[in-house]
Amino acid sequence: MSTPNADDKEGLLAYRRLLRYVFPYKYQFTVAVVGMVLYGLTFAAFAAWLEPLLDSGFSDRTSNAAIYAPLSILVIFFFRGLGSFLSMYYMAYIGGQVVNKLRSEVFSKYLQLPSTHYDHSSSGEMISLVSYNTQQVSKAASNAITVLIRDSIAVFGLLGLMFYHSWQLSISLLVLAPIVASIVYYVSKRFRRISKKLQASMGKVSHIIEEAVESHREIKIYGGQNYEQAQFEDTNERNRKQRLKMTATRASSVPIMQFIIAIFMAGIVYVCTQSDWINPITPGQFVSFITAMMMLFAPIKQLTNVNEKLQQGIAASISIFSLLDTPSESDRGDTKIDLPISSIDFDNVSFAYAEEADPVLRNVSLTIKSGETVALVGKSGSGKTTLANLLARMYQLGDNSACSGSISINGKNIESISLENMRANIAYVGQQVTLFNDTISHNIAYGSLHSHTQDDVRGAATLAHAATFIEKLSNGYDTMVGENGVLLSGGQRQRLAIARALLKNAPLLILDEATSALDTESERMVQRGLERLLEGRTTLVVAHRLSTIEHADKIVVMHQGEIVEQGSHKELLKAGGHYANLHAMQFKETATESNDHA
């Protein structure tokens with residue numbers, strides 16, 4: 001557990017780092033500070049204005065004080081308004097820029113994080129970090145700075161005026177300093193602690209909402225409404241309690257400080273009216289002194305309240321900077337793949353997702369030759385998808401000490417190849433097709449493929465046997481597919497993924513159970529597209545349905561992270577081992593399903 005001193009140091013470092021985002025806007029910040037100073041000084045100016053007005057303005061209406069009093073009040077409030085506008089506008093401008101910069105950096109970091117980070121983070125929490133936490137940081141970077149400077153100027157200006165009128169009375173204000181400092185210190189600790197819990201609960205709320213939206217079909221079918229509602233209510237209630245704690249701390253700290261100041265002010269009024277130990281002061285000086293002291297309430301209250309925003313912003317910035325400091329996906333390579341690909345070699349590859357976890361792969365050795373289609377089969381959890389992910393470097397052998405072995409292409413270790421070049425030469429079609437809420441055309445020509453012509457897109461769709469259903473749609477290739485392709489069927493989404501892979505025209509292809517979730521008719525259409533996609537490519541297929549890989553050049557059977565068999569379909573059936581048992585089991589299941597339908 002962190003000590004208070006460690007928390008203070010962490011908060012200070014985070015705030016200093018946050019202020020670096022303000023420095024590029026030093027000219028706007030300078031103008032804003034000028035506005036804050038103008039605004040702050042008008043407090044003391046107004047209190048000082050009362051002294052000559054009361055001492056001579058009312059008693060001698062021909063005096064300068066009486067003549068210039070109306071003009072003075074206009075000048076004071078003109079500069080007050082000007083200062084308020086300059087400080088609020090330019091600090092809002094800076095705050096907006098800081099939020100945009102932080103959100104951009106966080107989003108950019110999301111695109112660079114390794115797959116392991118996504119494995120251990122909920123999407124709701126990650127979304128909350130971008131939307132909620134950055135907004136809290138904005139308050140610390142702009143609103144809090146405005147109050148700190150503007151109201152501090154007001155406090156010092158008013159104190160200066162009070163010392164000018166009576167140093168004996170004013171110096172006694174120092175008695176308040178340690179009391180106020182103690183309250184502020186305690187409140188700061190509590191605000192930061194509650195802010196961290198509040199941000200965590202906001203992430204949980206976002207996560208539950210996102211799951212409910214994305215899984216609405218399963219929730220309805222399996223009657224999960226009550227469970228999801230109860231989960232949400234519980235999390236929402238915890239969030240409400242944290243907010244209430246924040247409000248209670250703020251609501252109690254301000255009146256306590258104000259009451260302490262009121263006690264002191266009552267004492268001063270008593271001393272001024274009943275005691276002879278201070279130098280005599282005029283009625284104007286007394287009213288000016290009391291007015292300045294009463295006007296201290298507003299800026300002191302603001303300075304007390306700003307601590308909440310400051311601590312919320314510091315807590316939020318710590319979480320943001322923690323993410324930004326997370327190591328990005330490692331890319332130690334600086335070479336390119338030597339084309340054409342002649343061989344891919346897995347040499348004694350062992351892999352675990354974490355150093356303390358059990359190995360998922362154990363001493364796997366495999367060679368894939370140019371143009372070969374190699375299928376990986378086996379029970380769930382045997383390591384098939386992990387092997388494919390390692391080839392695409394979604395996970396990397398060098399990232400933790402529990403991994404060993406190497407993967408090479410044409411004798412060159414893939415970790416010596418840059419990630420950009422490595423993935424530029426890989427096309428991927430998975431069981432879960434990812435489509436973006438955009439047009440069919442833009443989904444086929446996604447990312448680095450956007451430079452292709454519309455004819456190229458149509459050609460890829462035709463080869464993938466997707467053109468037929470696309471052309472029947474009212475808007476054709478300009479049809480919006482909905483979030484994650486929800487407006488299309490599973491087979492249609494799969495064929496768009498194949499069209500995307502065809503358009504990329506990469507020499508290395510990874511198919512991860514690309515047809516396992518489809519019905520027979522859809523699978524037949526997708527299989528035709530896959531046949532065109534496989535032509536002239538080195539392909540690694542992760543297969544569930546053995547009927548789809550009978551014509552593979554090599555079938556590799558995996559069991560508990562190890563290769564137990566490899567060979568052609570006929571050779572493996574003849575051997576009567578793991579593959580033959582899997583094949584017989586699936587054949588029996590298929591026959592049973594056919595009889596049931598009959």
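Author: A charge sits over a ring if NZ of Lys or CZ of Arg is within 6 Å of the ring centre and within 35 degrees of the ring normal. By that rule Arg 80 lies over the face of Phe 43, at 4.7 Å from the ring centre, and the charged end of Arg 150 sits over the ring of Tyr 39, 4.7 Å from its centre. This is a predicted model, in which local features need pLDDT of at least 70 and side-chain atom pairs count only at pLDDT 80 or more, while totals for chains, interfaces and linings use all residues. Residues are numbered from 1 along each chain as its sequence is written, and side-chain values use heavy atoms, with hydrogens and water left out.

Reader: Why is the pair of Phe 436 and Tyr 446 called stacked?

Author: Rings of Phe, Tyr and Trp (its six-membered ring) pair if their centres lie within 6.5 Å, and planes under 30 degrees apart count as stacked, over 60 as edge-to-face and the rest as tilted. The centres of Phe 436 and Tyr 446 are 4.3 Å apart and their planes stand at 15°, so the pair is stacked.

Reader: What makes Phe 351 and Tyr 353 an aromatic pair, and which kind is it?

Author: By the ring rule the count comes to 11 aromatic pairs. Phe 351 and Tyr 353 form one that is edge-to-face, with 4.9 Å centre to centre and 85° between the planes.

Reader: How do you know whether Phe 351 is buried or exposed?

Author: Buried means under 20% relative accessible area, exposed over 50%, and partly exposed in between (1.4 Å probe, protein chains only). Phe 351 has 3% relative accessibility and therefore counts as buried, whereas Tyr 353, with a relative accessible area of 32%, is partly exposed.

Reader: What makes the contact between Arg 393 and Asp 331 a salt bridge?

Author: A salt bridge is a side-chain nitrogen of Lys or Arg within 4 Å of a carboxyl oxygen of Asp or Glu, and the side chains of Arg 393 and Asp 331 meet at 4.0 Å, N to O. Arg 393 is buried, with a relative accessible area of 1%, while Asp 331 counts as partly exposed at 39%.

Reader: Why are Arg 238 and Asp 234 separated by about one helical turn?

Author: Arg 238 and Asp 234 are four residues apart in helix H9 (residues 225–274), so about one helical turn separates them; helices here are DSSP runs (H or I, at least four residues), numbered from the N terminus. Their side chains meet in a salt bridge of 2.4 Å, N to O.

Terms used
Helix = DSSP H or I, 4+ residues; strand = E, 2+ residues; numbered from the N terminus.
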